[in-house]
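Welcome, and thanks for taking a look at this one. Please have the sequence and the model open side by side while you read the briefing.

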Amino acid sequence: GFNAKTEYGLVALLELVAVFPSSGILQVSQIASQQNIPDRYLEQMMISLRKAGILRSIRGPRGGYQLNRSPSEIALAEVINCLEGDIISTNSPTSNTPEHRAVAGLQANLDRRREDFLESMTLQQLADQRDQYLECRSMYFI
């Protein structure tokens with residue numbers, strides 16, 4: 001699964017996707033309280049995402065963060081590589097037996113498939129899935 005940093009980062013970006021159509025800006029404190037993420041921890045992630053060109057920061061009292069590009073142009077692989085470092089592990093087998101090499105090959109294959117899948121998925125597609133959960137929840141309350 002994803003580590004906490006990646007999960008928090010993706011959740012924060014989904015909050016920003018929701019306000020993107022109205023050129024919305026959110027402050028770290030707003031996202032943090034909405035999603036129960038520690039402020040200072042989230043701030044570090046937002047800085048990383050800004051340095052990677054995924055977010056832009058707006059200064060001033062009404063400042064905060066917004067997406068730097070359309071969510072349909074942001075591949076999840078880009079976000080996750082930013083938050084986790086490169087996904088592809090360069091782990092060489094712990095031992096050079098054929099069995100260890102076979103298992104290491106399996107891991108490398110999984111890493112490549114995960115990378116390909118995350119390259120093909122955009123932040124917009126993840127947001128669309130979130131919207132489906134929102135619809136289910138609102139139907140439940142009717």
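What follows is a short tour by topic, from the overall layout to single residues.

This is a predicted model. The chain has six helices and two strands, and their order along the sequence is α-α-α-β-β-α-α-α.

**Overall layout**

- Along the principal axes, the C-alpha atoms of the chain occupy a box of roughly 60 × 40 × 25 Å.
- Of the 142 residues in the chain, 32% are buried.
- If you count contacts between residues at least 6 apart in sequence, 65% of them link residues at least 24 apart.

**The hairpin**

- Strand S1 (residues 55-58) and strand S2 (residues 64-67) run antiparallel and are joined by four bridges.
- At one place in this pairing, Leu55 has Leu67 in S2 as its bridge partner.
- At another, Ile58 stands opposite Gly64 in S2.
- Five residues separate S1 from S2 in the hairpin, and Gly60 in the turn has a positive phi of about 105°.

**Helices H3 and H4**

- Two packed helices can be described by the angle between their axes and by the distance between those axes.
- For helix H3 (residues 39-51) and H4, the packing angle is about 125° and the axes are 10 Å apart.
- H3 is therefore oblique to H4.
- The crossing in which H3 passes H4 is right-handed.
- On the H3 side, the residues that meet H4 are Met45, Ser48 and Leu49, and their counterparts in H4 are Val79, Cys82 and Leu83.

**Salt bridges**

- Side chains of opposite charge can pair when their charged atoms come close.
- How many salt bridges does a search of the whole structure find? The search finds three, and each is described below.
- Arg69 pairs with Glu78 in a salt bridge whose closest N and O atoms are 2.6 Å apart. Arg69 is partly exposed, with 24% relative accessibility, and Glu78 is also partly exposed, at 28%.
- Glu84 and Arg114 form a salt bridge with an N to O distance of 3.7 Å. Glu84 belongs to helix H4 (residues 76-84) and Arg114 to helix H5 (residues 98-120), so this pair ties together parts that are 30 residues apart in sequence. Glu84 has a relative accessible area of 27% and is partly exposed; Arg114 is partly exposed too, with 28%.
- Arg130 forms a salt bridge with Asp131, and their closest N and O atoms lie 2.9 Å apart. The relative accessibility of Arg130 is 22%, so Arg130 counts as partly exposed. Asp131 has a relative accessible area of 28% and is partly exposed as well.

**Loop residues with a positive phi**

- Ser23 is not a glycine, and its phi is positive, near 55°. Ser23 sits in the loop between helix H1 (4-19) and helix H2 (28-35). Is Ser23 buried or exposed? With 54% relative accessibility, Ser23 counts as exposed, because the cut-off for exposed is over 50%.
- Asn36 also has a positive phi, about 55°, although Asn36 is not a glycine. Where does Asn36 lie? Asn36 is in the loop between H2 and H3. Its relative accessible area is 66%, so Asn36 is exposed.

Definitions and conventions. Residues numbered from 1 in each chain as written. Predicted model: local features only at pLDDT ≥ 70, side-chain atom pairs only at ≥ 80, totals over all residues. Heavy atoms only, no water. Salt bridge = Lys/Arg side-chain N within 4 Å of Asp/Glu carboxyl O. Buried < 20%, exposed > 50% of the residue type's maximum accessible area, 1.4 Å probe, protein only. Pairing = 2+ DSSP bridges. Axes fitted to C-alpha atoms, helices over the stretch in contact; angles between N-to-C directions. Parallel < 35°, antiparallel > 145°, perpendicular 65-115°, else oblique. Left-handed = near helix turned anticlockwise from the far one by under 90°. Contact = heavy atoms within 4.5 Å.
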